[in-house]
Amino acid sequence: MSVRVALHSRSFLERGLLLLVILIFLEGTVLTLGAASSPDISAQDNTGGHDHLDDHRGIAGSHVHPNYTKKAFPVLSLDYHHIQVPFEISLWVLLASLMKLGFHLIPQLSSIVPESCLLIVVGLLVGGLIKLAGEEVPPVLDSNLFFLCLLPPIILDAGYFLPIRPFMENIGTILMFAVVGTLWNAFFVGGLLYAVCQIEGTYLSQVELLPCLLFGSIISAVDPVAVLAVFEEIHINELLHILVFGESLLNDAVTVVLYHLFEEYSGAGEVTPMDVVLGVICFLIVSLGGIAVGAIYGILAAFTSRFTSHTRVIEPLFVFVYSYMAYLSAEMFHLSGIMALIACGAVMRPYVEANISHKSHTTVKYFLKMWSSVSETLIFIFLGVATVAGPHAWNWTFVSVTVILCLVSRVIGVVGLTFIINKFRIVKLTTKDQFIVAYGGLRGAIAFSLGYLLDKNLFPMRTMFLTAIITEIFFTVFVQGMTIKPLVDLLAVKKKQEAKRSINEEIHTQFLDHLLTGIEDICGHYGHHHWKDKLNRFNKKYIKKCLIAGERYKEPQLIAFYHKMEFKQAIELVESGGGVKLPSAVPSQVSMQNIQPKKLPPPVAERALPQFTKGREEEIRKILRSNLQKTRQRLRSYNRHTLVADPFEDGWNDFILKKQRLIELEKKVRLMSNYLTVPGATPDSPTMCRARLASDPNAFYNIKASSDGVPTIQVDLASPQSPDSVNMLNEFSKRGATGQGLGQREGADRDEDQGLMMKPAGKGEKGEEEGGNKNPGLMRCLSDPGPSNEDEEDEPFLP
Amino acid sequence: MGTLQSLSDEPEYRELAEKTGFSFEQIGILHKRFKQLSHNENTLRRADLDTIPDLACNPIRTQIIEAFFDKRNFHQNGDGTVEEISFEEFLVVMSHFRPPALNMTEEQREKVRREKLRFLFNMHNTDNDGTITLEEYRHVVEELLSRSGALGKETAKGIADAAMLEVASISMGHMEPDEFYEGITFEHFLKILKDIEIETRMNIRFLNMDTTTLCNTGLPSRE
């Protein structure tokens, strides 16, 4: 209890400090923005700051300026103008990040109010402060800035990590909602709004049909940023998430076409059927073209990544740059940039991930998450600031009718479409699902930016539109965003399952795929499994060969999954094995011997494995520990270039072959009494040990207890030619049976000294000690085929 | 259209429809396919299914074909395999892949899930001893990976072993070092696969309209 109080007070303290820092920055922003306006004017008088500086420089050299009076040499001078733009950008980013930090320090707040709302409020505050300080609020949500800088990271993040399987399975539904739903919304809202405007009492009769339809199309699109922001916090099941999210991504094409169509023809005042036909064709081109552009860049990126094995440092850069270029290229042709980004990310991901190193993969993931997170925060803050900036033209009728109509049209649209869609779906959408889909249709900054882009001359009611758009955004984000979480709980909508993918599930998923394809073939009709299977085979046969480096393309999915899983579990162990937190596996003590059919122990022709006494093993441990530490220290001082030299990344294929050999070798080593730490009739294949570990590291601790707490080290009788085929199993730290001691070293980045790190099963993939290669002394000792008992007593273990 | 045929066999179809849950049109189309596969005979043999060209590249085709001739899937509490099957039995096996109806209660859904999982279980449990042993599981994984050549064999074993271990850990919890886990029983099988929503995934779309003529069946004659 007291701990909690202490924590609370500490967090309050921190919060207070943060607020102080934030206030200082705010003041700084205001001041700098204020200061910004003056040098601007003076700079303009001097025909640009550039010349201004040149002036000064020129003075020192040649002639004496007639009016120049000598001043003291400026030891310290302030030149804000020089760094103004980057400085302001950094200030905003810093503000956004500090805000994000701050919210998470107050858990109660972030559980009631979604982050997006809080950020908008902050934006409002900042805008208000700036206005109070008398300065003009900068037009921060500039459309160029938004579309070219703030939006792409979010979309790329979404596209790269898009769960392809559920997306493709529901693609029909998603497309229906995205295309037909958005069209319906646009026309319903636009049309009815026009009708309302024509009513006498509203003084709005100057608003014509086409601008209304344009407004309808701007406001009807579900916004991916807002949806992401809110849905991320409510953890609903995958189906609903992908439906709403997919819809928000794919409706971009419709929005782009409608927007351009109505914008073009608002001047002319009418739209002929010909234009409609052209519009439809334009839609097809925009969407398919966007996807094509994205796919091309994706393939380029995949192809490039095939050759990056020697320059691993810049691998992430390719992912980002190619994707951004895809976006820009699509925008250049007025195609759908969002769809291009999604296509690029989705296409390149499987191949790039097979090619790049694990570190690069982590880098890509973290950079994407970081950028998208900052972007999202900035967007919401800017929305708040832009609201304060105005200009506004509030019209009760227009605004309220907009909000109501949007809601109504969304509900009708979803219900109607679901009715049709359910006829074609195997898994029907229930009413609850429909409600969530309808309620989750949030509007966001894209609508605002599109409205901002409108030409003031063509659309005199632009300010009124903007006000209405902002009101709608606020309504959806605040009201719907805040209430969706309790509603989800109230309606008991199925939540996302956090279960980890297990091997069995993976096996059966694959099995099911093949089974269903087979049944379809027997039935004789080419259903969706058949085509999926054909695509997979085509992919494997031709595409993977081109795009994946080395021999890895032959690796079937199940095996790749299996290795990946093992690797992930190994890393998890490292991360959790050092700490007190234990993975919540079922405390099982099932081991290999329990499932292997009982076999007679093979004849004891091989050398007996050494069984060490307690004292001896303490010594061994000390020696090993010191050696491992030395290796770690050696690696600590690396620079950018040594980062590249990671032999284990490249030795992947050799490793696999070696592993095969090792497995065969292990078959020879068959005797292990049950009391040795590693249970099992065989010093199991490394995969087995890892699997056991995976299911429960506790297993080791408990079995420890049963064997009188005598930890033993098993040294594999590896053949001398494969020095790295060490099967150094269980190693215990004397820190106790619970909590620590089990971990697997992973690369050089593990700087914690967790007692002794061991490798639970020899051939850890990348977990193999780099020390292995770098420290020949250690190598020798580890590959020592096991001293006989007599030698043990006399000589130190390490030669 | 296909409905002409169903009119003449109506009483028979009605019985089948009740038994398996297919609609009349679906039964008609499947009957047509059956006749096509069996070359207009009344019974279907393994060889007929073997000759479907699309099935040739399926890694688990042997097991799929076997499933059709496995009496356990006929819902008659039978055992063992048969050499040929009639249309009714064909339909019963196919009915395992029917999607569940929209408005089902929780227990009906559970029942459907059990039935589908039982089908899968039977496919793995070839010796019909009520459990999937390690050998049988290894065989399953090997078949799945059979297309990947030599690389698959040892890894398949490793994967199967790991999977088995996982099942044992989840189902059995604590086991003494000398206890032996015989194999995956049906209950354990249910447990480990409860996260895959089988009732929504193990379905194919059965057609209500006849499009079989559009597909290339290319079956050679029986002889």
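A crossing of two helices is left-handed if the near helix is turned anticlockwise from the far one by less than a right angle. The legends below describe a predicted model.

**Figure 1. Crossing of helices H10(A) and H11(A).** In this predicted model, the crossing of H10(A) and H11(A) is left-handed. Helix H10 of chain A covers residues 224–234 and helix H11 of chain A covers residues 238–268; their axes come within 8 Å and cross at roughly 160°. Because of that angle, H10(A) is roughly antiparallel to H11(A), as angles over 145 degrees are counted in this way.

**Figure 2. Residues at the contact of H10(A) with H11(A).** From H10(A), the residues Pro224(A), Val227(A), Leu228(A) and Phe231(A) meet His241(A), Val244(A), Phe245(A), Ser248(A) and Leu249(A) of H11(A). The contact of H10(A) with H11(A) comprises 7 nonpolar residues, 2 polar residues and no charged ones.

**Figure 3. Crossing of helices H9(A) and H19(A).** Helix H9 of chain A (residues 209–219) and helix H19 of chain A (residues 462–490) have axes that come within 11 Å and cross at roughly 25°. H9(A) and H19(A) are therefore roughly parallel to each other, since angles under 35 degrees fall in that class. Their crossing, that of H9(A) and H19(A), is right-handed.

**Figure 4. Residues at the contact of H9(A) with H19(A).** Pro211(A), Phe215(A), Ile218(A) and Ile219(A) belong to H9(A), and they meet Phe465(A), Ala468(A), Ile469(A) and Glu472(A) of H19(A). By residue class, the contact of H9(A) with H19(A) holds 7 nonpolar residues, no polar ones and 1 charged residue.

**Figure 5. The largest nonpolar core and the surroundings of Phe448(A).** The largest nonpolar core contains 134 residues, and those with the most contacts inside it are Trp92(A), Phe146(A), Leu151(A) and Phe448(A). The helix that gives the most to this core is H11(A), with 14 residues. When neighbours within four places in sequence are left aside, Phe448(A) is in contact with Leu141(A), Leu383(A), Ala386(A), Leu466(A), Ile469(A), Ile470(A) and Ile473(A). Another core, of 69 residues, lies apart from the largest one; Ile522(A), Leu120(B), Phe121(B) and Leu193(B) are among its residues.

**Figure 6. Chain A as the setting of these views.** Chain A has 32 helices and 0 strands. Of its 799 residues, 52% count as buried. Among contacts in chain A between residues at least 6 apart in sequence, 81% link residues at least 24 apart.

Methods. Residues numbered from 1 in each chain as written. Chains lettered and ligands numbered in written order. Predicted model: local features only at pLDDT ≥ 70, side-chain atom pairs only at ≥ 80, totals over all residues. Heavy atoms only, no water. Axes fitted to C-alpha atoms, helices over the stretch in contact; angles between N-to-C directions. Helix = DSSP H or I, 4+ residues; strand = E, 2+ residues; numbered from the N terminus. Parallel < 35°, antiparallel > 145°, perpendicular 65-115°, else oblique. Contact = heavy atoms within 4.5 Å. Nonpolar A, V, L, I, M, F, W, Y, C, P; charged D, E, K, R; others polar. Core = buried A, V, L, I, M, F, W, Y, C linked by side-chain atoms within 4.5 Å. Buried < 20%, exposed > 50% of the residue type's maximum accessible area, 1.4 Å probe, protein only.
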